[in-house]
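Please consider the sequence and the model shown below. The paragraphs that follow lead through its elements in turn.

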Amino acid sequence: MPLSGSSDTGVLALIEHAVLAPSSHNTQPWRFTRDGETLELRADRNRSLPVNDPDDRELTISCGCALMNLRIAVAQQDLAGEIELLPDSGQSDRLARLTIAGRSASRLPEAELFASIARRRTYRRRFSPQSVSAEAIARLADAARIEGAWLRPLSAEASRRRAAALVAKGDAVQWANASWRRELATWLHPQRAGDGLAMPGPVGPVAQLVVRTFDMGRGAGARDEELAVSSPLLAIVGTQRDDPHAWLCAGQALQRVLLAACELGLQGSYLNQPVQVAALRPQLALLAGGGAPQILLRLGYPTEDVAAAPRRRAAEVFGHPVAAAPTRAFPSPR
């Protein structure tokens, strides 16, 4: 088996695919360690967003996306992996364990998603007006269901416009918060940094200053509201429960949905303001028909290629101790 022996070459090859997962502000809040034939996924809370994500909910979802990629990379090698979520009952930064159980007796279906890992992009621009077929939507809903989550499309025009209005309200709340703006500015990084929201070198310092200083909620809200209304598919990804285990399931479901969408020629991005602003989340839940909304996802056919977001190297997130961040208690399950 490729994890046997003292060399970590096989492990790093797997992690190279895991780290291509999306994350809030491209923080990449994950670390990986190895114990024999077991790989462990840990939260790197030094990369948390205390203002935008006070409960580490999105951090955990991002780590769930990375876990899905890791599972797919293992399946691509025709290996069977046993997954254990929250092995310490959620009382530590260790979020999951993946143990290699040997060669798989047959080709695992997750392996079919492998090629899409490198092709997936976060597409923040307007999509082509081409509609998404009912068959494609059903396939995406099935992808979420496999991972213990749900995907509910907002098909009615009235529902889409209500969701879009919530996005604009969320923008207004967030941009009016100076602490939120400072946190966002902190993650505007030059491309060479390997993480964060990449900015051209000369523009970066000016953009940071502008974001920290000015409330641009009205303009951002108008732009994002239009993006929501014009998206060929606007859907809510959610779970029945709302706790760390559910967040990990939501992350794996989101990544499976995004990769299945990529196979269909679709790309996606997020309008999560109504989930991030606590006062708006119950209204989004009503639009979803109940449950706990975790992601407001827009999907469609891109009109142009976009560059991949910068990523840290696999060696940077593997096997090295990291200074402990202040302990943050998880919220009680809801």
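Axes here are lines fitted to C-alpha atoms, for helices over the stretch in contact, and angles run from 0 to 180 degrees between N-to-C directions. Helices (H or I, at least four residues) and strands (E, at least two) are DSSP runs, numbered from the N terminus. This is a predicted model, in which local features need pLDDT of at least 70 and side-chain atom pairs count only at pLDDT 80 or more, whereas totals for chains, interfaces and linings use all residues. Residues are numbered from 1 along each chain as its sequence is written, and side-chain values use heavy atoms, with hydrogens and water left out.

Four bridges join β5 to β8, and W150 has G238 of β8 as its bridge partner. Strand β8 (residues 233-239) is joined to β10 by seven bridges, while strand β9 (residues 267-270) pairs with β10 over four. R298 in β10 is the bridge partner of L234, and S269 also stands opposite R298. Nine of the nine residues of strand β10 (residues 292-300) are buried, where buried means under 20% relative accessible area, exposed over 50% and partly exposed in between (1.4 Å probe, protein chains only).

A second open sheet of four strands has the order β1-β2-β4-β3, again with antiparallel pairing. Here β1 and β3 (79-85) are the edge strands, each with a single partner, so one side of each lacks a neighbour in the sheet. The twist averages 25° from one strand to the next. Seven bridges connect β3 with strand β4 (residues 94-103), and E82 has T99 in β4 as its bridge partner. Helix α2 packs on this sheet, touching β1, β2, β3 and β4, and its direction makes about 5° with that of β4; contact means heavy atoms within 4.5 Å.

Within α2 lies R71, which is buried at a relative accessible area of 17%. Its side chain forms a polar contact of 2.7 Å with that of Q252. Such a contact is a pair of N or O atoms within 3.5 Å; within protein, one must be able to donate a hydrogen and the other to accept it, and residues adjacent in sequence count only if both atoms are side-chain atoms. Beyond its neighbours within four places in sequence, R71 is in contact with I83, L98, E110, E147, Q252 and R256.

The discussion now turns to the nonpolar cores. A nonpolar core is a set of buried Ala, Val, Leu, Ile, Met, Phe, Trp, Tyr and Cys residues joined through side-chain atoms within 4.5 Å. The largest has 57 residues, and those with the most contacts inside it are I15, W30, F32, L140 and L297. Helix α9 (residues 244-263) supplies the largest share of this core, ten residues. Apart from it lies another core of 17 residues, including A163, V277, L280 and L284.

Key: Pairing = 2+ DSSP bridges.
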